[in-house]
Amino acid sequence: MPEKHKIEQLADLLKDAPDEVFLQPHNVPDPDAIASCFGLQHLLGTRGVEAVIVYENEIEKANSLKMLNLFGIEMKPAGSVHTLGSEDWAVLVDVQKGNSNLTDLDTDEVACIDHHEYQGNKGYRFEDVRSKVGSCSAIIADYFFEAGLTPPSKVATALLYGIFMDTDNLTRGVDSLDIDMFYRLYNYCDMNIINELKGNQISRKDLDLYADAFKSVEIYEELGFLRLESANDSLLGAASDMVLTISGVNIVVAYSLRPNGIKFSARSIVPGVKANDLMRYILQETGFGGGHDSMAGGFMPQENLQAGKRLDTFIKHRAISYYERR
Ligand SMILES: [Mn+2]
């Protein structure tokens, strides 16, 4: 007998849930995470499984908020769902246990669908981690087409936008699945909505932050550094992308000072320099980092910042020594 389609396998598992089923993306959900949850929620609905999307922290970026609005996506802050408890099951989407951007909720995480670096066997009963794929949205789109289902226009548009954003217009960390799914979704999607989302990538408030941050940019050979004051996570990633567009800059280390520590974002388009390795090198002994070859992130808890060491100098020193010794 042929293996069951992924969505059938997952739905069959979730039908046994003792109570509610939740879909949880990484904290501060971005367009790819939001689209993936939306698509999966729809797919599970067609299989008789009702799932609620919950998230931690904030939805920060203008385009992410706009998505909820345009597609009518319902996502609830986990803290506001009073029925959520250890009797409930959760599917992790666009994230895995072991990632720093995931809050461990009381739910039992029985399944995981992700495209980030594999974190090892965490005992999920359904696991689909495809680290080579540039977006989680492409994996969810694959679930539709594999099962012979046509995504409704809103879902197709959201998924296409998720692929578009996570692969930086099909140029970053892109896999043939991203391209195939982009092509297939295109037939069902509404380009007017894509254009509207593209016109909502930066809010006016963000603009002030960016303006200050770009004054802080320092360049050392191919390396670009940027410091943001207390910016949210999604802005940090978007700022790194912009620094990467500076002529001559091929590797970016951006960081932001948060109350509990320093958030990092790294980019690289140099084949010999992996953003995830660079991140781990900078944060060895002082924090943790990981991600993809071309885009990565990290965190240094406040208490690990050694007294007497100036943060900016410390980061630049580590990044430059990694760059020069490779
Ligand atoms: Mn993603």
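Glu285 sits in the loop between helix H10 (275-282) and strand S11 (288-291); helices (H or I, at least four residues) and strands (E, at least two) are DSSP runs, numbered from the N terminus. The model is predicted: local features need pLDDT of at least 70, side-chain atom pairs count only at pLDDT 80 or more, and totals for chains, interfaces and linings use all residues. Residue numbers start from 1 along each chain as its sequence is written.

Glu285 is exposed, with 6 other C-beta atoms within 10 Å. On this scale a residue is buried if 20 or more other C-beta atoms lie within 10 Å of its own, exposed if 12 or fewer, and partly exposed in between, with C-beta atoms placed from the backbone. The phi of Glu285 is near 70°, a positive value in a residue other than glycine. Asn57 also is not a glycine and has a positive phi, of about 60°. Asn57 belongs to the loop between strand S2 (51-55) and helix H3 (62-71), and is partly exposed, with 15 other C-beta atoms within 10 Å. From C-alpha to C-alpha, Glu285 and Asn57 are 26 Å apart in space and 228 residues apart in sequence.

The helices come next. Two packed helices are described by the angle between their axes and the distance between the axes. Here axes are lines fitted to C-alpha atoms, for helices over the stretch in contact, and angles run from 0 to 180 degrees between N-to-C directions. The axes of helix H4 (residues 136-146) and helix H6 (residues 176-186) come within 9 Å and cross at roughly 60°, so H4 and H6 are oblique to each other. Angles under 35 degrees count as roughly parallel, over 145 as roughly antiparallel, 65 to 115 as roughly perpendicular and the rest as oblique. On the H4 side, Ala138, Ala141, Asp142 and Phe145 meet Leu177, Asp178, Met181, Arg184 and Leu185 of H6; contact requires C-beta atoms, placed from the backbone, within 7 Å.

Ala138, a residue of H4, is buried, with 30 other C-beta atoms within 10 Å. Leaving aside neighbours within four places in sequence, Ala138 is in contact with Val133, Ile163, Leu177, Asp178 and Met181. Leu160 is 22 residues from Ala138 along the chain, and their C-alpha atoms are separated by 8.0 Å.

H6 also packs with H5, at an angle of about 150° and with the axes 9 Å apart. H5 and H6 are therefore roughly antiparallel to each other. Ala156, Leu159, Leu160 and Ile163 of H5 make this contact with Asp178, Met181, Phe182, Leu185 and Tyr186 of H6.

The largest nonpolar core has 58 residues, of which Leu23, Cys37, Val93, Ala158, Leu159, Leu160 and Leu185 touch the most other members. Such a core is a set of buried Ala, Val, Leu, Ile, Met, Phe, Trp, Tyr and Cys residues joined through C-beta atoms within 7 Å. Helix H5 (residues 153-166) supplies the largest share of this core, nine residues. Apart from this core lies another, of 36 residues, including Val249, Ala254, Leu278 and Met279. Not counting residues up to four places away in sequence, Leu23 touches Cys37, Leu40, Gln41, Ala51, Ile53, Val91 and Val93.

Terms used
Contact = placed C-beta atoms within 7 Å.
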